[in-house]
Amino acid sequence: MSKIVLRFFFFSGHKLIGGINIEPARPLSPEFQHIVNKSDGVIVVSFGSNFAAIADKEVDVLARAFGRLKETVIWRQKGYIPANLSPNIKTVEWLPQNDLLANEKTRVFVSHLGQNSLYEAGYHGIPLVGVPLFGDQPDNAVLVEDKGLGLAVDIHTVTADKLYRTIRRVIDEPRFKENAARISRLMQDRPRSPTEEAADWIECTLRHGKLTHLRPASVHLTWYQYFLLDVMLFLAVVLLSVAMVI
């Protein structure tokens with residue numbers, strides 16, 4: 001189901017098993033549980049292994065925006081840490097992302113929108129503020145906004161004030177949480193888990209070999225047929241011929 005609700009398309013000849021990375025939430029460690037218990041709501045911030053792609057001046061912008069929030073911000077950040085951080089910001093070198101997203105006090109996830117992060121947020125019904133950096137992340141940001149799961153900003157141009165207002169919108173406007181909750185219900189209402197579904201298809205392929213009957217006819221088209229260039233060329237010739245006659 002997650003491949004339907006969280007993807008634009010997938011390649012023919014492939015069976016996409018979305019959400020296979022998601023694990024059941026585990027209890028938080030005493031360190032993180034203490035932070036969560038003291039908070040009036042939690043904002044999880046993680047850019048995966050891409051934090052090095054964010055310049056120091058951009059980290060300063062993030063820190064100023066986070067410092068204006070009333071919620072506690074748990075921010076995975078290595079390397080450069082701005083001086084005089086607001087007391088509501090807790091920086092850590094590692095955080096239990098899946099477990100924090102499953103916590104009832106988590107309000108929003110500020111993320112680079114990598115594939116794993118996107119699935120985990122969707123599964124747990126957490127709205128997103130996307131900060132895409134490269135690769136598939138800008139496309140994922142379009143997907144997040146299209147599905148009404150959150151909003152995205154450009155890390156290179158966003159100001160602290162705009163980022164603050166964007167986070168507040170995603171938290172305060174009910175539609176983002178409602179849409180995220182709907183996606184969560186769809187992803188969790190699966191007859192088979194992603195691991196079980198993957199095993200089913202692997203076993204089916206081993207039993208029957210190439211499953212050519214599942215391949216669409218489009219895989220046999222040439223590249224110019226696939227993009228309808230032959231049709232467009234024909235129409236162009238017809239229109240040109242008519243124009244010359246007239």
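Six strands form an open sheet in the order β3-β2-β1-β4-β5-β6, and their pairing is parallel. At the edges of this sheet sit β3 (89-92) and β6 (150-152), each of which pairs on one side only. On average, neighbouring strands are turned by 15 degrees against each other, direction ignored. Please keep in mind as you look around that this is a predicted model.

Arginine 76 stands opposite valine 92 in β3.

## A helix across the strands

Helix α6 (residues 137-146) lies across β5 (128-130) and β6. The helix runs at about 145 degrees to β6.

## The whole chain

Stepping back, you will find 11 helices and six strands in the protein chain. The radius of gyration is 23 Å, well over the 18 Å that the globule rule gives for 246 residues, so the chain is more spread out than a compact globule. Along its principal axes, the C-alpha trace spans about 75 × 55 × 35 Å.

The chain is divided into domain 1 (30-189) and domain 2 (219-245). Their C-alpha centres lie 47 Å apart.

Of the 246 residues in the protein chain, 43% are buried. The chain exposes about 14,300 Å², with carbon and sulfur atoms supplying 58% of that area. Among contacts with a separation of 6 or more, 62% come from residues 24 or more positions apart.

Methods:
Residues numbered from 1 in each chain as written. Predicted model: local features only at pLDDT ≥ 70, side-chain atom pairs only at ≥ 80, totals over all residues. Heavy atoms only, no water. Domains from an automatic or database assignment. Pairing = 2+ DSSP bridges. Helix = DSSP H or I, 4+ residues; strand = E, 2+ residues; numbered from the N terminus. Axes fitted to C-alpha atoms, helices over the stretch in contact; angles between N-to-C directions. Contact = heavy atoms within 4.5 Å. Rg over C-alpha atoms; globule rule 2.2 N^0.38 Å. Buried < 20%, exposed > 50% of the residue type's maximum accessible area, 1.4 Å probe, protein only. Areas by Shrake-Rupley, 256 points an atom, 1.4 Å probe, with all protein chains shown as cover.
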